[in-house]
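Here are some friendly notes to read alongside the model. They begin with the sheet and then turn to the packing and the aromatic rings.

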Amino acid sequence: FVMCLGGSAGAHPHVFVDARTGFIFDADGRLQALRISWTYDEFTTLILFESLNLDQDGDGQLNDADRAAVIKGETNWEPEYKGDVYLEVAAKDYSLGRPEAGAVTLENNQVEVSFYLPLSQPVRIDDTPAFLRLYDPTFYYAYTILPAADPVALPEGCQAQIVPFEPDAVESALQENLAALGREEAPAQENVGRLFSDEVRLTCG
């Protein structure tokens, strides 16, 4: 679906996603996986229905075949694709695996995709905080991180805090420039989406 989104022209970003996150620890107190969910806006959900030919019986619901098609399209990532999910541990990008246990729901005319994302290997979060960011490097997608409806319990002494993006004057001006781009135009600045990302700050100890 990331590759087949169509529709009318507009400004960057084009797709708006409400994201929710969770941190999964193992029995030894190490961070071992992330829980991620994406809820697409209603227009993007409509495009998703059309592009994947969902709801062929017209009842407004997703059946098992529909959910399987969405899960395949949303979690069967190309090798170079990082899923717009970036974890920083000890001030360095931390390698993540591929999505597991994908699930799809439809509520209020919006599709929600959720999955678990294992770390390449478990890591202990001790002296320095870890940061989780969701962003599209080209800023075609805009993610807003919201509190989880069913928060994952964290080990004693650990805390996860959402830090919303708040633009300064320079970033506001850049946003205005990006808003003038058409759907087929890419921002000139590399990794520009990183500048506008919310983040979740994980601390332990």
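1. Five strands make up an open sheet with mixed pairing, in the order 5-6-2-1-8. Strands pair if DSSP finds at least two bridges between them; strands (E, at least two residues) and helices (H or I, at least four) are DSSP runs, numbered from the N terminus. Strand 5 (100–107) and strand 8 are the edge strands, each pairing on one side only. From one strand to the next, the twist averages 25 degrees.

2. A word on the source. This is a predicted model, in which local features need pLDDT of at least 70 and side-chain atom pairs count only at pLDDT 80 or more, while totals for chains, interfaces and linings use all residues. Residues are numbered from 1 along each chain as its sequence is written, and side-chain values use heavy atoms, with hydrogens and water left out.

3. Strands 1 and 8. These two run parallel and are joined by five bridges. Asp 18 stands opposite Thr 144 in strand 8. Helix 1 packs on the sheet, touching strand 1, strand 2, strand 5 and strand 6, and its direction makes about 90 degrees with that of strand 6 (axes are lines fitted to C-alpha atoms, for helices over the stretch in contact, and angles run from 0 to 180 degrees between N-to-C directions).

4. The main core. The largest nonpolar core has 40 residues, and Leu 31, Leu 34, Trp 38, Leu 132 and Leu 134 have the most contacts inside it. Such a core is a set of buried Ala, Val, Leu, Ile, Met, Phe, Trp, Tyr and Cys residues joined through side-chain atoms within 4.5 Å; buried means under 20% relative accessible area, exposed over 50%, and partly exposed in between (1.4 Å probe, protein chains only). Strand 6 gives the most to this core, with six residues.

5. Aromatic pairs. The structure holds nine of them. Rings of Phe, Tyr and Trp (its six-membered ring) pair if their centres lie within 6.5 Å; planes under 30 degrees apart count as stacked, over 60 as edge-to-face and the rest as tilted. Trp 38 and Tyr 143 form a tilted pair, 6.3 Å centre to centre with 55 degrees between the planes. This pair links strand 2 and strand 8, with its residues 105 apart. Trp 38 counts as buried, at 1% relative accessibility.

6. A stacked pair. Tyr 86 and Tyr 135 are 4.3 Å apart centre to centre, with 15 degrees between the planes. Tyr 86 lies in strand 3 and Tyr 135 in the loop between strand 7 and strand 8, so the pair ties together parts 49 residues apart in sequence.

Technical notes:
Contact = heavy atoms within 4.5 Å.
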